[in-house]
Amino acid sequence: MTEFAHQKCISANCGTTYDIGQSHFTCGECGSLLDVEYDWDRLPVPNSLSEFAGRWQNRSNPLDFSGVWRFRELLPFAAADQIVTIGEGQTVLRPAPQVARFVGLPDQRLFLHYEGLNPSGSFKDNGMTAAATHARMIGAKLAACASTGNTSASLALYASATSLFRAVVFVGSGKIAMGKLSQALDYAATTIQIEGDFDDALRLVRDVCQRENVYLCNSLNPFRLEGQKTTAFRILESLDWQPPDWIIVPGGNLGNSSAIGKAFQELKSLGLCDQVPRLAIINAAGANTLYELHARQGVVWNAGQPDRQRISEYFRVLDETNHRASTVATAIQINRPVNLEKALRALETCDGVVRQVSDQEILDAKAQVGAGGFGCEPASAASVAGTRQLVAEGVITSDDRVVCILTGHQLKDPDTTVAYHAPGSEAFQRVCVAQGIHQAPHANPPQIVANNLEEIVDVLRRVG
Ligand SMILES: *Cc1c(COP(=O)(O)O)cnc(C)c1O
Ligand SMILES: [Zn+2]
């Protein structure tokens, strides 16, 4: 199959193509990002998406069990016997009536799509299964990534589960959620903690991979994004192939939003989906490059010629003032999103919008997601906080069917959860107040009770 796939520079003034066996992942001519592209005319494509539903009956086949590879005709870069899978993509999408009320929508209009059920607890596994497959295709023995935590957890898991390659992960030395760091260590990845933040770590790992010919697993890797397209397919599948009106995602390195845009672009051009949902990408206010460039300064995809001068000027000022990303939502604490241009393209494909939300809004929304029967890590809750804002603005209306993607598992960052639910505590000071979060309106603090039956009964009576 691989002869019908190639890599192609996304820049309209360039468009250089590269073989599928190449692994530099940026254009050798102009430095832009690459896409994986297919000669769809020469590939078997289903006549309708509902054909994929039949795969459920064949779940003993690992490729049909995988929530990524059961859609393999829509990411056909690998031969079946090369595919690496560990059962990723078992996600659920359910209505969330209580959270709907919180964001201001009717009960049955808000759906939460929980990616935290993946093997390493975040949506990153959708992409890592595809990157691991490509790494195997080219015979890589060492794979690396820089990470705010979840990418490293995912890469470490694929390395330990398959023994196809060894994993080296680079993490910054600032905030990293303990759940994520513990995974990299437990899955036996070589873990390098560098001085500096994620943006520094990514720059470094790109240089290291280039120099030492190590396989790069950040979302700069276009194969990863092929796997991440399947989140869109599974959302459609869960809604019986009726596209929602909106899909809302948190925006960090912008791989997820880019992949969702590419998925719908391809579905549309293959005639498999005629109504493309609108996309909302939600930045944390403390890491809001996309918001600043797109929503404030009007930078758009512009047919593959975005205003690159304005973008590099923005980064130049960030560097000059040593402006660092800072948010309680560590998974999106990124100021230099590598997939910026692809995200601009996705915004065009999906008639998208970008908003920013404060850390206070993020943790308040997170508490509602937990109380509403899901649970997620802080970054994921940005999608719910952003939805609330868009409903208040009237951009999302009560007729709309809205899907928020919960990107990561609740237990990734228990420290932040416990801190929020204990206002006044030392942990609240350290985790919340330090990030400008002064209230916890949805806190559910533990009730401290003496070892005494009467007192306990009192508490129970108050619950009702
Ligand atoms: C990686 C990650 C994000 C950010 O996704 P991007 O594709 O980098 O924009 C958001 N939430 C969680 C939990 C993540 O792990
Ligand atoms: Zn190029």
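**Pockets**

I began with the largest pocket and found that α6 gives the most to its lining, with 8 residues. Before going on, I noted that this is a predicted model, in which local features need pLDDT of at least 70, side-chain atom pairs count only at pLDDT 80 or more, and totals for chains, interfaces and linings use all residues. Residues are numbered from 1 along each chain as its sequence is written, chains are lettered from A and ligands numbered from 1 in the order in which they are written, and side-chain values use heavy atoms, with hydrogens and water left out.

My terms come next. On a 1 Å grid over the protein atoms alone, a pocket is an open set of points with protein on both sides within 12 Å along at least five of seven lines, a cavity is a set where a 1.4 Å probe fits but cannot get out, and lining residues have an atom within 4 Å of a point. Grid points are joined across faces, edges and corners, and a volume is the space filled by probe spheres set on the points. Helices (H or I, at least four residues) and strands (E, at least two) are DSSP runs, numbered from the N terminus.

The largest pocket holds about 810 Å³ of space. I counted 32 lining residues for it, with T26, G31, R206, L220 and V338 nearest its centre. Two or more lining residues come from each of α6 (198-212), α11 (308-320) and α12 (340-349). I sorted the lining by class and got 15 nonpolar, 10 polar and 7 charged residues. For this sorting, Ala, Val, Leu, Ile, Met, Phe, Trp, Tyr, Cys and Pro count as nonpolar, Asp, Glu, Lys and Arg as charged, and the others, Gly among them, as polar.

The second largest pocket has a volume of about 440 Å³. Its lining has 24 residues, and D35, E37, K262, Q265 and R345 are the closest to its centre. I see at least two lining residues from each of β1, β3, α9 and α12, and α9 gives the most, with 6 residues. The classes here are 7 nonpolar, 8 polar and 9 charged.

**Cavities**

How many cavities of 30 Å³ or more does the structure hold? I found 2. At least two lining residues each come from β6 (142-147), α4 (150-162), α7 (222-228) and α9 (255-269); α9 gives the most, with 3 residues. By class I noted 9 nonpolar, 17 polar and 3 charged residues.

The second largest cavity has about 100 Å³ of space. Its lining includes S147, T148, K175, D197 and Q333, and divides into 3 nonpolar, 6 polar and 2 charged residues.

**Helix α8**

Is α8 buried or exposed? I found 8 of its 9 residues buried, so α8 is largely enclosed by the rest of the structure. Buried means under 20% relative accessible area, exposed over 50%, and partly exposed in between (1.4 Å probe, protein chains only). Among the buried residues are R234 and E237.

I then checked how α8 (residues 230-238) packs with α9: the angle is about 65 degrees and the axes are 8 Å apart. Axes are lines fitted to C-alpha atoms, for helices over the stretch in contact, and angles run from 0 to 180 degrees between N-to-C directions. On the α8 side A232, F233 and L236 make the contact (heavy atoms within 4.5 Å), meeting A263, F264 and L267 in α9. That contact has 6 nonpolar, no polar and no charged residues. After α8 comes D240, with a positive phi near 55 degrees.

**Strands**

I traced an open sheet of 3 strands in the order β2-β1-β3, with antiparallel pairing. β2 (17-18) and β3 (34-38) are at the edges with a single partner strand each, so one side of each is left without a neighbour in the sheet. Two strands pair if DSSP finds at least two bridges between them. β1 (residues 5-9) is joined to β2 by 2 bridges, and K8 has T17 as its bridge partner in β2.

Last, I looked at β11 (residues 278-284), which runs parallel to β12 and is joined to it by 5 bridges. I282 stands opposite R355 in β12. In β12 (residues 353-357) 4 of the 5 residues are buried, so β12 is largely enclosed by the rest of the structure.
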